[in-house]
Amino acid sequence: MTAAECLAQERIWFDKPRYDEAERQFYERVNGPTQPKQSGGGSAADFGELAARMKDLELENQSLHKVVKELRSALGKMESRVSALEKRTTAPTVNGTGPVASQKAPAAPAKREEEDEDEDDIDLFGSDEEVDEEAERLKEQRLQEYAAKKAKKPVLIAKSSILLDVKPWDDETDMAKLEECVRSVQVDGLLWGASKLVPVGYGIKKLQINCVVEDDKVGTDFLEEEITKFEDHVQSVDVAAFNKI
């Protein structure tokens, strides 16, 4: 048996690639060209992202529809108001011919004064005056209630703590007498506190004394002026510390 006869008896399909190509071209004409398949994970992720974007677009579209609806409603109300204002400002017409013209010439000044007096005699706003009186009465009552309520509240008094340095002339100055002179300054809003003697040098000591004052009644200038009046004992007065309470 020859080689050709052997091949003729074998079941080999030599034209299969041609048939496969023809089948592919047929299905492409029917269904369009085929796309290469992607992995299952990537396809699911792309589908999820697409669905999320579509959902966002739907929400944004609904929001825009709502805004447009509100704008249309506001525009409709504005047009209604403008139309009402135009109707009010339109001048009255007579038989559709135009605005009413003045039918009479101006009266004499004397006649006008008489008409004004007659109009003054006519009380056309009696009810309004009664309403105004009632409103004034209610206003006055509320003001009184507010003033009474405010008067009951405790008033905060601004106070300060002051530390003074009172220096004598020399070491022979009687410091007890000096402190007595300082504490003799008594006014409303002044309260003297603790004191002590602080060495300065060469045997001289200064008086350091604390006091609490009401800011509206007593100031540092007043204290310095009053204490330096005791010139036999006091050489100078300095503010060592000043703190708000």
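Analyst: Strands here are DSSP runs of E with at least two residues, helices are runs of H or I with at least four residues, and both are numbered from the N terminus. Two strands count as paired if DSSP finds at least two bridges between them. This is a predicted model, where local features need pLDDT of at least 70 and side-chain atom pairs count only at pLDDT 80 or more, while totals for chains, interfaces and linings use all residues. Residues are numbered from 1 along each chain as its sequence is written, and side-chain values use heavy atoms, with hydrogens and water left out.

User: Which residue is the bridge partner of S160 in strand 4?

Analyst: That's K244. Also in strand 4, A241 stands opposite L163.

User: What order do the four strands take in the sheet?

Analyst: They go 2-3-1-4 in an open sheet, and the pairing is antiparallel. Strand 2 and strand 4 are the edge strands, each pairing on one side only. On average, neighbouring strands of this sheet are turned by 20 degrees against each other, direction ignored.

User: And how many bridges join strand 1 to strand 3?

Analyst: Eight, and those two run antiparallel. D165 stands opposite Q208 of strand 3 there. Strand 2 and strand 3 pair over nine bridges, again in the antiparallel sense, with L197 having L207 as its bridge partner in strand 3.

User: What about the hairpin of strand 2 and strand 3, how many residues sit between the strands?

Analyst: Two residues, and in this hairpin Y202 takes a positive phi near 60 degrees.

User: Switching topic: where does helix 6 lie?

Analyst: Helix 6 lies across strand 1, strand 2, strand 3 and strand 4, running at about 15 degrees to strand 3. For that angle, axes are lines fitted to C-alpha atoms, for helices over the stretch in contact, and angles run from 0 to 180 degrees between N-to-C directions.

User: Which residues of helix 6 are buried?

Analyst: M175, L178, C181 and V182 are buried in helix 6, which spans residues 175-183. They cover an arc of only 115 degrees around the axis, so they end up on the same side of helix 6. That arc is taken from the directions from the helix axis to the C-beta atoms. Buried means under 20% relative accessible area, exposed means over 50%, and partly exposed is in between, using a 1.4 Å probe and protein chains only.

User: And which exposed residues are on the face turned away?

Analyst: A176 and E180. The buried residues of helix 6 pack against strand 1, strand 2, strand 3, helix 7 and strand 4, with contact meaning heavy atoms within 4.5 Å.

User: What caps the N-terminal end of helix 6?

Analyst: D174 does, with a side-chain oxygen 3.2 Å from the backbone nitrogen of A176.

User: How many residues are in the largest nonpolar core?

Analyst: It has 18 residues, and among those with the most contacts inside it are L164, V166, V182 and W192. A nonpolar core is a set of buried Ala, Val, Leu, Ile, Met, Phe, Trp, Tyr and Cys residues joined through side-chain atoms within 4.5 Å. Strand 3 gives the largest share of this core, four residues. As for strand 1, seven of its ten residues are buried.

User: What does V166 touch?

Analyst: Not counting residues up to four places away in sequence, V166 touches L178, V182, K206, L207, I227, V234, S236 and V237.

Terms used:
A polar contact is a pair of N or O atoms within 3.5 Å; within protein, one must be able to donate a hydrogen and the other to accept it, and residues adjacent in sequence count only if both atoms are side-chain atoms.
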